[in-house]
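Visitor: I am new to this structure and would be grateful for a close look at a single part of it. Please begin with that part and then place it in its surroundings.

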Amino acid sequence: MEAMDNSDKLQIFGKDVDISVTFVGLSNAGKTTLVKRLKGEAPISTEYLPTMGLNIEMIETPDGLDVMAVDLGGQSQFMAGLWEPFVRKSRGIVFVFDSADKSKVEEAGEWLEKVIKWSSEESAFLFLANKQDLEQAMSLEEIIDALNLKNVMMERPRTFSIRPVSALLNQGVKEAWDWLLERIRASQSSMTKESS
């Protein structure tokens, strides 16, 4: 894990963004559905076309912060070159995991390891076990064991969280998002105090 680079704020259309949050995960994990939920939009389908490259959405928080949500494509041609720069510059990272697709556990674990390595220790890291509404979904305990997440939880007790959600049914989404924003605010507050 690396220290956060504060010299390069992310911008969209030439405007500084208060907070940038990067959404990563394998293809079909539910990243786009999740971002739509966070924007207050109901999903129009259970089948979105895969995000090709990236999709940027602005989400305004109730207290007026502008959050740039960067939804990165989960296909291999985008993961290798596109994920790392965004993860490194983000105050928050959301790794969306398809709890119902046991065939992708190993691949997801490999990418999760890389994303954790790229992320700064100050960034808030939210691991979402999505699709918990499906009967075949792995339990949170099974996921923690399969991806060996206990070590990460011990290394980053204040900046790493694992949450079960269903983006489609909007279950657990608000609570997870609130945690992420709170951790980002706390990190920014402590960084401001240190630089004073």
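Which residues in α1 are buried?

Guide: The model shown here is predicted. In α1, the buried residues are Lys31, Thr32, Thr33, Leu34, Val35, Lys36 and Leu38. The helix is thus described as mostly covered, with seven of its eight residues buried. Just after α1, Gly40 adopts a positive phi of about 90°.

The side chain of Lys36 meets that of Glu41 in a salt bridge, with 3.8 Å from N to O. Glu41, at 33% relative accessibility, is partly exposed. In general, side chains of opposite charge can pair when their charged atoms come close.

A salt bridge also joins Lys39 and Glu57, at 2.7 Å from N to O. This pair links distant parts of the chain: Lys39 lies in the loop between α1 (31-38) and β4, Glu57 lies in strand β4, and the two are 18 residues apart. Glu57 is buried, at 12% relative accessible area, whereas Lys39 is partly exposed, at 32%. Lys36, Lys39, Glu41 and Glu57 are linked in a network of salt bridges. The count of salt bridges comes to 10. Among them is the pair of Lys104 and Asp101, whose closest N and O atoms are 4.0 Å apart; Lys104 is partly exposed, with 26% relative accessibility.

Through Glu57 in strand β4, the account reaches the sheet. Six strands form an open sheet in the order β4-β5-β3-β6-β7-β8, with mixed pairing. Its edge strands are β4 (54-60) and β8 (160-164), each of which pairs on one side only. On average, neighbouring strands of this sheet are turned by 20° against each other, direction ignored. Strands of a sheet pair through backbone hydrogen bonds, either parallel or antiparallel. Strand β6 (residues 92-98) and strand β7 (residues 124-130) pair in the parallel sense, over seven bridges. Within this pairing, Asp98 stands opposite Asn130 in β7. Helix α3 (residues 105-118) packs on the sheet and touches β3 (19-24), β6, β7 and β8, and its direction makes about 175° with that of β6.

In soluble globular proteins, nonpolar side chains tend to be buried together. The largest nonpolar core here has 32 residues, and those with the most contacts inside it are Trp83, Val115, Phe127 and Leu149. Two or more residues each come from β5 (66-72), α2 (76-89), β6, α3, β7, α4 (140-146) and β8. The largest contribution is that of α3, with seven residues. Leaving aside neighbours within four places in sequence, Phe127 is in contact with residues including Phe95, Phe97, Leu112, Ile143 and Leu149. A second, separate core of 24 residues includes Val67, Val96, Ala124 and Leu180.

Notes:
Residues are numbered from 1 along each chain as its sequence is written. This is a predicted model: local features need pLDDT of at least 70, side-chain atom pairs count only at pLDDT 80 or more; totals for chains, interfaces and linings use all residues. Side-chain values use heavy atoms; hydrogens and water are left out. Two strands pair if DSSP finds at least two bridges between them. Helices (H or I, at least four residues) and strands (E, at least two) are DSSP runs, numbered from the N terminus. Axes are lines fitted to C-alpha atoms, for helices over the stretch in contact, and angles run from 0 to 180 degrees between N-to-C directions. Contact means heavy atoms within 4.5 Å. A nonpolar core is a set of buried Ala, Val, Leu, Ile, Met, Phe, Trp, Tyr and Cys residues joined through side-chain atoms within 4.5 Å. Buried means under 20% relative accessible area, exposed over 50%, partly exposed in between (1.4 Å probe, protein chains only).
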